[in-house]
Amino acid sequence: MSKKEEKKELLIRKVTELVESNHGLVRTAQLYELDIDYRRIQKLVEEGILERVKNGYYSIAFQEKDEESMVVRLFGDGVLCLESALFYYHYIQVKPSYWHIAVDKNTSKSRFKMDYPLVKPYYTEPDMLKLGAKKLQLKEGIIGIYDKERMICDCLKFEEKLEREIMQEALRSYLREPIKDIQKLMEYARARRVVQKVQNRIGVWL
């Protein structure tokens, strides 16, 4: 093996180790720390060694990565909502094709220009983004998720975005909950401006 080939093999090994140690995703700045300039990064992409996931992010065999780990790495500042939250609370059984994630309204829309994983962002006021948010432990890290009361209020607020069957199952599942925080539900309902919907769709069954 020539010195040039040895140098390239060493470079590929370093890049692979960096990607693996960062759960399958690295930023351009991290590659720069390996003394790899932008021209070399582009060469690695052309050779199929690196994959450009989106602006400023690279991976290896990205399409084979676990979706959850990618979402945690890319959108750890977001909060799972609507169908994604319903799925993780087992209110619906079929995993949504898109990840429904609430994000700060000031978040750059370019973050979501990608083919995998499929993400549907919901741009939210910063103070409203935190309302009812808690932490969900996934295999590769932690991401935000709304508690059940906030989730139900959001489902009612964005009812036109949900299939009728999903909406009905969400309400039925919440009503079956052995412990419900109705005071919190109404607080969220006022904040999300769905008091009338909560009273009409849920209140009559409580």
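Student: Is the crossing of H7 and H8 left-handed or right-handed?

Tutor: Good place to start, and keep in mind that this is a predicted model. Helix H7 covers residues 148-157 and helix H8 covers residues 164-176. Their crossing is left-handed.

Student: How do H7 and H8 run relative to each other, roughly parallel or roughly antiparallel?

Tutor: Two packed helices are described by the angle between their axes and the distance between the axes. For H7 and H8 the axes are 11 Å apart and the angle is about 150°. Angles over 145 degrees count as roughly antiparallel. The two helices, H7 and H8, are therefore roughly antiparallel.

Student: Which residues in H8 are met by residues in H7, and how do the residues of the contact divide?

Tutor: On the H7 side we find Lys148, Glu149, Ile152, Cys155 and Leu156. They meet Met167, Ala170, Leu171 and Tyr174 in H8. The residues of this contact divide into 7 nonpolar, no polar and 2 charged.

Student: How many bridges join E5 to E6, and which residue stands opposite valine 103?

Tutor: E5 and E6 run parallel, and 6 bridges join them. Look along E6 for the residue facing valine 103: the one opposite is tyrosine 123.

Student: What is the bridge partner of leucine 80 in E5?

Tutor: Strand E4 (residues 79-80) and strand E5 (residues 99-104) run antiparallel, joined by 2 bridges. Leucine 80 has its bridge partner in E5, and that partner is isoleucine 101.

Student: How many residues lie between E7 and E8 in their hairpin?

Tutor: E7 and E8 run antiparallel, with 6 bridges joining them. Across this pair, lysine 134 stands opposite isoleucine 145 in E8. The number of residues between E7 and E8 in the hairpin is 2.

Student: Is leucine 82 buried or exposed, and what is its phi?

Tutor: Leucine 82 lies in helix H5 (residues 82-88). Because its relative accessibility is 2%, leucine 82 counts as buried. Most residues other than glycine have a negative phi. Leucine 82 has a positive value instead, near 45°.

Student: Where is arginine 193, is it buried or exposed, and what is its phi?

Tutor: Arginine 193 sits in the loop between H9 and helix H10 (195-201). With 76% relative accessibility, arginine 193 counts as exposed. Its phi is positive too, in a residue other than glycine, with a value near 60°.

Terms used
Residues numbered from 1 in each chain as written. Predicted model: local features only at pLDDT ≥ 70, side-chain atom pairs only at ≥ 80, totals over all residues. Heavy atoms only, no water. Axes fitted to C-alpha atoms, helices over the stretch in contact; angles between N-to-C directions. Helix = DSSP H or I, 4+ residues; strand = E, 2+ residues; numbered from the N terminus. Parallel < 35°, antiparallel > 145°, perpendicular 65-115°, else oblique. Left-handed = near helix turned anticlockwise from the far one by under 90°. Contact = heavy atoms within 4.5 Å. Nonpolar A, V, L, I, M, F, W, Y, C, P; charged D, E, K, R; others polar. Pairing = 2+ DSSP bridges. Buried < 20%, exposed > 50% of the residue type's maximum accessible area, 1.4 Å probe, protein only.
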